[in-house]
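Reader: I'm new to this one. Could you walk me through how to read it?

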Amino acid sequence: MELARSARAGDESAFEEIMRRYSPRVFRFASRFFRQRSLVEEAAQEVFLKAFTELDSFEGRGSMEGWLTRITTNTCLNLLRSAKRRPELTVSDLTEDETTWLDSNLGQAANERHKASERSLVAADLTGRVLQTLSPDDQLVLMLVDGEENSVKDVVKMTGWSESKVKVQAFRARRRMRQAVEKLLARKPSATAKAQR
Amino acid sequence: MRDNHIINLIDETSFESLSDTDLETIRSHVAECESCESASAAARVASLMLKERTAEAFEPSPFFQTRVLAHLRESQTANETWGWSRIWRAAGALASSMVATVAALAVLTFVIPEAPYSSELESASARNIYSAEEVILNPSELIEEQVSDDYVLSTLYDVAEDTVK
């Protein structure tokens, strides 16, 4: 609160300290939605510029982290909304690595195998591409609820949505993501065969 | 039976958060239902994908703070400049409108010749020998100069008789 007060009074070093403390968290959060460093940086920069201009609205009742998380959520959602939504992802769009990842993760013993870092990278890329076929609201709720395992109440605080909207959105987003992945798997004869084995 | 399908169950929560009981229900159902089996496999993969995605994060670059501060200063300077330029533009508009009004008045006063109707009015007032002041201040003189009704009547009848003749 002291930092916020000083920053509001025009103390640049106080605002610098706020950035130093909270930028890792803002970056981590924005990384859930954007796969390119430049986009993550753009989102984070916008978050702090907004935070600076809206310092007066921070009354200190909640934590600074919570306040910044909410700004980050809204900023990311707005950036997702302004980005062009990709058309449906098809098997032919997948790289060889992505196809291999899908194959290897269809088996029941996948949980042990998918830990390798290079596989994680492939999975993260593939997830990004699948997510881009969904609406911004779907992407947001999936990352917050299923990706980060936030409670519905936390997501309500972050987004400002009602509890029922979060639940319904999560249910529908999960279904749409599952259907998108199901289509990819269904069109992959080798993967389906492995899954059935 | 459709009611027994587990699709709603797998969409209700993340696959990784399903309880053991739910997982057992799913396992026993997908053993007999092909459509639910593919749905269940997709839900599991989707859940894994989201987990993988959250495992990755970018760290702020060393120059991030410097860049944001520079951007802030830049936008503040731009705001100030914009404010001054707005005032300057407003003052400029006011000054130019004043100059235009003065010029218009000068043109009307010195360049455009006097309107004809005003000279007619002036000549009419010149013909009128009685000014307002005279009427108010010297009413007796006016009475003396007034022509009597008898004179007017006799003049009129004389003219009429002459015309008949």
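**Starting with a helix**

Author: Let's begin inside helix α2(A), where A:F15, A:I18, A:M19, A:Y22, A:S23, A:V26, A:F27, A:F29, A:A30 and A:S31 are buried. A residue is buried if 20 or more other C-beta atoms lie within 10 Å of its own, exposed if 12 or fewer, and partly exposed in between, with C-beta atoms placed from the backbone. Helices (H or I, at least four residues) and strands (E, at least two) are DSSP runs, numbered from the N terminus. Bear in mind that this is a predicted model: local features need pLDDT of at least 70, side-chain atom pairs count only at pLDDT 80 or more, and totals for chains, interfaces and linings use all residues. Residues are numbered from 1 along each chain as its sequence is written, while chains are lettered from A and ligands numbered from 1 in the order in which they are written.

Reader: Where does α2(A) have a kink?

Author: A bend at a residue is the angle between axes fitted to the seven residues ending there and the seven starting there. Here the kink is about 50° and sits at A:Y22, shortly before the proline A:P24.

Reader: Why is B:L9 partly exposed?

Author: You count neighbours. B:L9 is partly exposed because it has 17 other C-beta atoms within 10 Å. This residue lies in helix α1 (residues 7-12) of chain B.

Reader: What does B:L9 touch, not counting residues up to four places away in sequence?

Author: Contact means that two C-beta atoms, placed from the backbone, lie within 7 Å. By that test B:L9 touches B:D22, B:T25 and B:I26. B:L9 and B:D22 are 13 residues apart in sequence, and their C-alpha atoms are 7.7 Å apart in space.

Reader: How many residues of chain B are in contact with chain A?

Author: On chain B there are 32, meeting 45 residues of chain A. The elements of chain B giving two or more residues to that side are α1, α3 (34-55) and α4 (64-111). Among them, α3(B) gives the most, with 16 residues.
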